[in-house]
Amino acid sequence: MVAGARRFRPALLLLAVTALLAAGGPARGEEGAPGSLSDYQVKAAYLYYFTTFVDWPPEAFERTGNELVVGVLGEDPFGEILDATLRGKSVNNRALVVRRFANIKDARDSHILFISASEQDRIPSILKALDGAAVLTVADVDGFATRGGQIAFHTIDRKVRFDINVAAVERSRIKISAQLMKLGRIVRAGREGV
Amino acid sequence: MKWPGASTVRGKLLLASILSKAAAFLVAGVVITGYDMMALRERLVRRLAVQTDIVGANCLSALLFNDPQSAETTLAALRADPRVRAVGLYSADRRMFATYVRDAGSERILPVEAPAGSGPDYRGRDDHLRLSRTILFQGKPVGSVLIVSDLSEVTDTITRDVGIFAGVLLLALLIALAINIRLQRAISGPILSLAETARKVSQEKDYAARAAGSSGDEIGALVTAFNEMLEEIQMQEAELRTAHDRLEQRVAERTAQLETSNRELEAFSYSVSHDLRAPLRSIEGFSRALLEDCADRLDEAGKDSLNRVIASTVRMGQLIDGLLNLSRVTRAEIRGRTVDLSSLAGEIVEELRQGENGRRVEAVVAGGAMVEGDPALLRAVLQNLIGNAWKFTRKRDEARIEFGVAKESGETAFFVRDNGAGFDMTYSDKLFGAFQRLHGQNEFPGIGIGLATVQRIVNRHGGRTWATGAPDQGATIYFTLGNGGRNGGQKDRAAGGRQSG
């Protein structure tokens, strides 16, 4: 299911592709002028911002050649947007690179892994596969955080917000700064369905 | 100095001391308060800058993730600082993103748009201080924060400072006043004593007075010097008095000596004159007898010689009489009485007119010249003066003789004026000498003793004589009578008759 304007929700069940296109419409609520930024532009920016508010254990970069990998698992809803957002960016002298994965086995070396809505049925197995890895899992699937994911985007009042599953974050040895913590809705559920 | 109460040394010292202290305190107060204010402001600005930076950093995520609610929660933490009146968080497009206001009404001090200027920008305005900072993310501005802080801390501190200074100033001045009043007794006391002594010396001529005070400072030295000066003056005064006394004694001695020798001289002169008379009479008598008895045996030359001898003896007799007169005038006792010079002059003019009838002489006599003196001697004075005037106007067809009263430098002078032969002022000093004559014997006969006699009499009355005149212009002889002349004068000048014959 695609997070987007709530008014499109009944149609989304039937026309996921249409909904994806419609998400490019007004999404930033009262702040953005209509059509200024799409939900995925905002989400891409948020992924970039996450890299600055999250600390990974040092060994997490050993196999990536000191690059910070932002991965997308499954069907990519961003298209060029994510590449455009992260191009040329670096955090703490680590260049940001975008990788796209079809299989979770290839995605373990990511630092941030956006799990596409196309993978929502496989979420429990994906999370299980990532258990113990220092990967920040992000998805815009309903109930992702309560099902053991770390950060779940959702939209309130046309604004993109996120839930944080603190227990899941702690298990992955990733540290999320208080600044980011205070913005997210804290979800305390364990690994439901895993 | 025109300050009130500063007319005395004490007041001046007090004023100078208090004013200088007050000035010092004021300067210190202003400097310290000013410095305090500056330091306080600086500290406030620094604290505010730190605060702004912290707020900016804390609001970074809220800005990035577009979460004004979270930002306002963050900003609300500033409630702990009562000095923060309002905070405005602005997004990158300069729009108001989140705000915090301490109390209602403070909203209006927040601009709707982010203040211009990217860097730190602060300025004190009205009663609050504003400071804005740009919030950066990865080196790029993502918004800005503006904090408005209360300045009441500064004003409160300044008010407190000023209050403390006013209190300290008042207290210090009171203490200074007390100390000054005590100290000044040590300074002004001797000065006042000195002034009092100086007043005593100058007003009461009491050179025995001494100023009190013997402190070791300059005033002590002044007092000592003043006392030494007084001692010197006292000593000199004593010496002066001794010298004066000695001088008076010597004058008295000399006067006595002079009087003695004068008396001896006069006695000698009198006896000589007196003794000369007898042989002179016999020369004259025998010469006349020779002329009468032996006239037939004498030729004309012999007779002429004898006549000349007789004339000479007559003249010599007159000279001796004059000398005796002069001597008498000098020796005679003065009997003081009120004398009417005016009527005396009138009488003398009448006598002269009768003695030589046929001359036209206009005589003017001022009336009411009453004086104190010896009647006989004053008559001699007027006789001589008016007689001279009568004599020296002989050649005038319109002779004029005047007796009058004049004021000469405060004293009453009497004068006899004529329009006769006059005299040359060059010889005015010889006029009153005995046997001094300015005219030939043939022109105006006389023995030259008249004015000498006048001068002696006037001198003996305590007055003086002088004369003015010019050749052929007449002469005026003045005399005063010392004390005797004072009650005389112009009782009624208009009463003076004008006599003409």
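Which strands of chain A does helix H3 lie across, and at about what angle does helix H3 run to E8(A)?

## A helix across the sheet of chain A

In this predicted model, helix H3 of chain A, residues 39-53, lies across strands E2 (68-73), E3, E4, E5 (112-115), E6 (136-139), E7 (151-156) and E8 (159-165) of chain A, and helix H3 runs at about 40° to E8(A).

## The order of the strands

The strands of chain A form an open sheet of eight, with mixed pairing, in the order E3-E4-E2-E5-E6-E7-E8-E10. Its edges are strand E3 (90-91) and strand E10 (185-187) of chain A, each of which pairs on one side only.

## Where chain B meets chain A

The contact between the two chains draws on 17 residues from chain B and 16 residues from chain A. The area buried between chain B and chain A is about 1500 Å², and carbon and sulfur atoms give 50% of that area.

Across this interface there is one salt bridge, in which the side chains of Asp67(B) and Arg161(A) meet at 3.9 Å, N to O. Between chain B and chain A, seven residue pairs are in polar contact. On the side of chain B that touches chain A, helix H1 (9-64) and helix H2 (68-76) of chain B each supply at least two residues, and the largest share, seven residues, comes from H1(B). Sorted by class, that side of chain B has nine nonpolar, six polar and two charged residues.

Conventions:
Residues are numbered from 1 along each chain as its sequence is written. Chains are lettered from A and ligands numbered from 1 in the order in which they are written. This is a predicted model: local features need pLDDT of at least 70, side-chain atom pairs count only at pLDDT 80 or more; totals for chains, interfaces and linings use all residues. Side-chain values use heavy atoms; hydrogens and water are left out. Contact means heavy atoms within 4.5 Å. Buried area is the accessible area (1.4 Å probe) that two parts lose on being put together, summed over both. A salt bridge is a side-chain nitrogen of Lys or Arg within 4 Å of a carboxyl oxygen of Asp or Glu. A polar contact is a pair of N or O atoms within 3.5 Å; within protein, one must be able to donate a hydrogen and the other to accept it, and residues adjacent in sequence count only if both atoms are side-chain atoms. Helices (H or I, at least four residues) and strands (E, at least two) are DSSP runs, numbered from the N terminus. Ala, Val, Leu, Ile, Met, Phe, Trp, Tyr, Cys and Pro count as nonpolar, Asp, Glu, Lys and Arg as charged, and the others, Gly among them, as polar. Two strands pair if DSSP finds at least two bridges between them. Axes are lines fitted to C-alpha atoms, for helices over the stretch in contact, and angles run from 0 to 180 degrees between N-to-C directions.
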